[in-house]
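Here are my notes for you, as numbered points. Keep the picture open beside them while you read.

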Amino acid sequence: MDNENWLEGRHSVLEAFRAGKLVERLYVLKGCQDGPVQNILREAKRAKTLVDFVPKERLDHMSASGKHQGVVAQLSAFAYSTVEDVFALAERKGEEPFVFVLDGIEDPHNLGAIIRTANMAGAHGVIIPKRRAVGLTATVVKASAGAVHHTPVVKVTNLTAVMEQLKDRGMWFACADMDGEIMYRVNLTGPIGLVIGKEGAGVSRLVKEHCDYVAGIPTAGDIDSLNASVAAGVLAFEIVRQRSYK
């Protein structure tokens with residue numbers, strides 16, 4: 001655990017909320033209902049922070065001091081952007097919007113690598129879900145090699161709802177799936193969102209249903225899948241190729 005981005009103890013966590021710190025996730029002892037914890041939970045609700053109620057063994061494992069008092073908080077290592085920030089960046093560059101939509105990436109090194117790839121491919125932003133996915137932890141920021149300073153990362157409650165909003169603004173979405181149409185045959189020009197799924201499981205059924213295309217990467221090996229960050233890179237630069245030579 002990176003101690004720089006974790007807080008433990010009731011007073012420290014409560015003051016972090018009251019000071020406006022970005023708390024990525026709050027872990028609270030299951031069954032704990034006393035007054036100080038209720039105050040923290042109220043602040044978490046106000047800040048729309050995800051709360052996990054966990055057994056004491058897990059908190060003990062997470063705690064560096066052993067004095068967590070039933071509360072541990074993970075701070076965000078970087079501030080999130082908004083969808084409007086993404087469109088503003090595209091407009092400043094005079095380009096059609098290009099975003100990555102990540103459906104449940106859980107490995108912080110993968111997320112960091114994908115943000116780095118997004119920046120190198122000229123994408124205007126990365127959209128991630130609030131639940132069941134890693135956020136902007138210190139490990140992610142480090143793995144991005146500084147890309148988070150240049151590429152907006154947007155955290156949303158509902159991926160499909162945001163995708164539909166972006167469609168209303170003229171965007172199309174291409175889902176990465178090894179069984180999809182070979183990427184060279186898919187039109188990946190124009191305002192586009194590249195949807196990358198969770199490690200191992202791929203893009204969820206619901207998110208896939210909201211995509212306009214399903215694009216596959218041609219392979220010649222003996223295994224049937226690529227690492228999420230590698231797949232994101234291959235497809236991203238096919239988008240770059242198509243956008244450059246349309």
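1. The strands β8 and β10 pair in the parallel sense over five bridges. Strands here (E, at least two residues) and helices (H or I, at least four) are DSSP runs, numbered from the N terminus, and two strands pair if DSSP finds at least two bridges between them.

2. Before going on, some housekeeping: this is a predicted model, where local features need pLDDT of at least 70 and side-chain atom pairs count only at pLDDT 80 or more, while totals for chains, interfaces and linings use all residues. Residues are numbered from 1 along each chain as its sequence is written, and side-chain values use heavy atoms, with hydrogens and water left out.

3. Now the whole sheet. Six strands make an open, parallel sheet in the order β7-β6-β5-β9-β8-β10. At its edges sit β7 (153–156) and β10 (213–216), each pairing on one side only. On average, neighbouring strands are turned by 30° against each other, direction ignored. Strands of a sheet pair through backbone hydrogen bonds, either parallel or antiparallel.

4. Four bridges join the parallel strands β8 and β9, and Phe 173 stands opposite Gly 193 in β9. Strand β5 (residues 98–103) pairs with β6 (residues 125–129) in the parallel sense over three bridges; Val 99 is opposite Gly 125 in β6, and Val 101 is opposite Ile 127.

5. Is β6 mostly covered or mostly uncovered? Mostly covered: five of its five residues are buried (buried means under 20% relative accessible area, exposed over 50%, partly exposed in between, with a 1.4 Å probe and protein chains only). Gly 125, Ile 127 and Pro 129 point one way, and Val 126 and Ile 128 the other way.

6. Next, the helices. Helix α5 (residues 108–120) and helix α9 (residues 228–245) pack at about 10°, with axes 9 Å apart, and are therefore roughly parallel to each other. (Axes are lines fitted to C-alpha atoms, for helices over the stretch in contact, and angles run from 0 to 180 degrees between N-to-C directions; under 35 degrees counts as roughly parallel, over 145 as roughly antiparallel, 65 to 115 as roughly perpendicular and the rest as oblique.) The contact residues (heavy atoms within 4.5 Å) include Ile 114 and Met 120 of α5 and Ala 232 and Phe 237 of α9. Helix α9 also lies across β5, β8 (172–182), β9 (192–197) and β10, running at about 165° to β9.

7. Last, a residue in a loop: Thr 137 lies between β6 and α6 and is buried, with a relative accessible area of 11%. Thr 137 and Ser 76 are 61 residues apart in sequence, yet 5.6 Å apart in space, C-alpha to C-alpha. Leaving aside neighbours within four places in sequence, Thr 137 is in contact with Gln 74, Ala 77 and Pro 108.
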